[in-house]
Amino acid sequence: MKAVWRWGALAAALALVLGVTSGLAQIKNPDTYIEAVIGDLETLDPAWHYDTSSATAIFNIYETLVFYDGEAIDKFVPMLAESWTVSPDGSTYTFKIRKGVKFHLGGDLTPEDVAYSFQRALLQDRSGGPIHMIIEHVLDVASIDELAKKVGDAQACQQVLNAIRVTGPDTVEIKLASPFGPFIQILAGSWTSIIDKEWAIGLGDWDGKCDNWRKWWDPKAEASKLFDKANGTGPYKLVKWDKGKELILERNDNYWGGLAKRPAILKNYIRKVVPEWGTRLAIFEAGDADSIDVPRPFVAAMEPLVKAGKARMHGPLPGNIMQSAFINFKVKEGSAYMPKLGGADKPDLLLDLNLRRALNYCFDTATYIKESWLGEAKPINGVIIEGRLGYNPEQKGYEFSLAKCEEELKAAWGGKLWSDGMRLILTFNQGNIARRFAAEMLERNLEDMNKKRPGRPIFSVDVLDLPWPTYLKAMDAGELAVFWVGWLEDYAHPHNWVHPYMFRTGSFAIGQNFSTLKDVEFKPVYATFLEAKKYPTLQDLFDDLVVKAKKEPDQRKGGRAEKIYFELNRLAVEYAINIQNIQLQVRRYEQIWVKGWFYNPAYPGTYVYWLSKG
Amino acid sequence: MLAYIIRRLLLLPILLLGVTIFVFAVFALLSPEMRASLYLADVPKSPDAMDRIIKKYGLDQPIHIQYWQWLNQVIRGDLGWSKTAQRPVSEALLYYLPATLELSLWAMLPVILVGIWLGILSAVHQDKLIDHTMRVFALVGWSLPTFVFGLLMLMYFYARLQWFPPGQISDWVTREVINGSFIRYTQMYTIDAILNWRWDVFWDSLRHLIMPVITLSYVQWALLLRVTRSSMLETLRQEYIMTARAKGLKESVVINKHAARNAMIPVATMGGLLLIGLLNGVVITETIFNYPGIGRWAADAAIRLDILSVIGFTLFNGVLLVVGNLIVDVLYAFIDPRVRLE
């Protein structure tokens, strides 16, 4: 036994030495920025990616024609474009391409590279990818496949080449199908990053010709030739993407200068994939990561570190995500989630405005924000978040009032609802605790109304969680009566809010059947330059205003577009198309030695170019 | 015995076929939309996105057709694409295997040596303080969930003391691998470090292995301790042990030469169970310690409903268990000549 104790003592002493030596350093890895994140990238192909992990890598490696001006989300500075002009009718953008810029592998940036990058992206147009945002405005269709089915493959490709072309030794022109004020916003997104044409073709990517573009159309992630390769012009270049493990980038010492006219300060940037929260926290505590992903339920674990001066917290900051409950005016026949009135199926139960208003009055927003979001959310009256053109702070919403809820319920369906009872299913995706809380709170408040109407058929409200894909499918098909979802904006413009929330083909509006409500009168309150008129359906009214706002050349604050967006907010509230939207706030935690970070909600992640350690 | 081994090996493909049918059948319970979630994690931002994905990946095909297509691929040596690992499944297995193998090999040593030693110690000192302490130790190890124990280890020995970091290796070693100044011959860092004659890398790799090895070992110790103790107690009551003592042999000779050797027969049959335990253990251990092995990959794949990765992992497990059990059976016959494999 003595021998055992001797070994034990030796091991302990060894461990102590190890511990002391490893605990000495203060700023760990002074020339490297390390992030510990939940998930890996999906791809390095700019035209394929649509997730924030890939976007973060790509916007550190590649560059776009324009970029966000500091913290601003609606002001842009030239990046790979030296300057740009917009035609008087707002439909043609001409970019003067910067000279003297080199790709990481040595190629020179040319206008041909720019045109090719856009053309390739439009022709690739992968399922569920980001390119629909550009196609919508350049080709006026939802996808390249849709256009090809209309005009044939060759003609569709030709239309792409005609819309985006090199017009001079240093200019590229992008022609829109119709004017779209915020188009420049889309061009700041990482999906329009500029790639080296010769390099891409050399890898076996699209050859620039129209006869066989389908060969490269809609590839699986791994089938793209740019899947795990990168050759940008940005401040960092790819060293290694060890899939599922880490991404290693190295400073581009031949960088053309970028926004601060200098190369990046830190030599390396490493993104480590650490899915387990406890492990990420330990890595941060040990100083081996400069910042980590902190899901909201775990922020409490970071607070002691902030209080002890061992970590810095930025926030709560206004996020670019909104949580909403959506009301379907007419549930699809045969739906498993069919509402009932007086015991009989009633697909259009929620067509009644009084009932929709009742749902809003019965919803205790303050408690929802406090309990589900730790107080870090803001009620939004309308569909446009704070900080975007069209957000109207004066817009009134529905306060929490059980008395008003009761009043509206009594009036719903001419009193039939109160006397005959109803069945309503509130849905959300499985595992989402915040949405469960919201649905159960509304369920409780509505069912409590039964106490005020004894002897009558009851209000039966059920809360149902569905697996995410089933939920999405049912939502798209219009099968859900009330459903909770969140929207993360793609670009910082109100069009990216009114489109999903109100437009005919919008991600959520598609499942709400606004066209069920007929003969809708419109009397402008803010946009008095618009004529008062009657629309066949509520959907027609929404569509008309969304398109008018989008095409409006005057996109300034106080301008005509803003007034139309005010109208859309007002209509969203008056017609009660949602149950109280809330804009979430975000936090960022970093080591105290990290310098230079600022918040731009349009950034997909950390832009390491700005950062230093010290 | 050779016929027995051949027969067992011939059964392997049938067993694996059964495993794949079972896994496919389980996934058949999920709708095409659910399986499409692997490719569509957010709200579809264009109206036809989900339908296009389902069509593209053939998720709307009847499950037997999907299975048949997959089987055809497998026969051609293609296990499909692992969305989780972002590489072909077969490549993913080969990529992650060395790390898991390295971890398991390092874990086997303390698991077997310490586990058996503790069991013998406990039996020899039956009902004394050491025995009680060992039994409590085993009970705690058996009842403490691996992820709790692992997290406690991580929080204390890494976050607090900064002794043993998670992951497989430090960034400076990764940099050397990229630069080519450290050659990875076997993909196992400790072995490669010896082959490169780089003791700094060896030490760094060992530092990363210590916590996962202890975490993996603790549960196994508990199991092995209890089995060894029971077996040892039974052996110590045998008449030949009394005879050995009566002959005046030293107690250490009685214990080590006569009792322990025979007590090992039932312990050897534990080999298969230990292997299963280790395989189950690496899934959690690798996840907690962010150790890039097969276990972490499998856990991630299962959460994401990455069917091809899950099947790849299951097949790998199947092969390992069948071969592992076969080795145990053969060893068993060698240890105990009374056993005949027929």
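This is a predicted model: local features need pLDDT of at least 70, side-chain atom pairs count only at pLDDT 80 or more; totals for chains, interfaces and linings use all residues.
Me: What distance separates the centres of domain 2 and domain 3 of chain A, and how many residues does domain 2 give to their contact?
Reply: The domains do touch, and domain 3 of chain A puts in 13 residues. On the domain 2 side, the residues come as seven nonpolar, five polar and one charged. The count for domain 2 of chain A is likewise 13 residues.

Me: What does the C-alpha trace of chain A span along its principal axes?
Reply: Here the extents along the principal axes do the talking. For chain A they come to about 80 × 80 × 45 Å.

Me: Which element of chain A gives the most to the side that touches chain B?
Reply: The contact draws 42 residues from chain A and 41 residues from chain B. Elements of chain A supplying at least two residues each include helix 1 (2-22), strand 8 (236-242) and helix 9 (277-285). By class, the chain A side has 17 nonpolar, 14 polar and 11 charged residues. With six residues, the top contributor is helix 16.

Me: Which residue in the turn between strand 8 and strand 9 of chain A has a positive phi?
Reply: Strand 8 and strand 9 (residues 246-251) of chain A pair in the antiparallel sense over six bridges, one bridge joining A:Asp242 to A:Glu246. The two strands make a hairpin with three residues between them. In that turn, the residue with a phi of about 80 degrees is A:Gly244.

Me: Is the crossing of helix 5 and helix 10 of chain B left-handed or right-handed?
Reply: The axes of helix 5 (residues 89-124) and helix 10 (residues 199-236) of chain B come within 6 Å and cross at roughly 35 degrees. Their contact residues divide into 21 nonpolar, six polar and one charged. As for the hand of the crossing, helix 5 and helix 10 of chain B are right-handed.

Terms used. Residues are numbered from 1 along each chain as its sequence is written. Chains are lettered from A and ligands numbered from 1 in the order in which they are written. Two residues are in contact if their C-beta atoms, placed from the backbone, lie within 7 Å. Helices (H or I, at least four residues) and strands (E, at least two) are DSSP runs, numbered from the N terminus. Ala, Val, Leu, Ile, Met, Phe, Trp, Tyr, Cys and Pro count as nonpolar, Asp, Glu, Lys and Arg as charged, and the others, Gly among them, as polar. Axes are lines fitted to C-alpha atoms, for helices over the stretch in contact, and angles run from 0 to 180 degrees between N-to-C directions. A crossing is left-handed if the near helix is turned anticlockwise from the far one by less than a right angle, and right-handed if clockwise. Two strands pair if DSSP finds at least two bridges between them.
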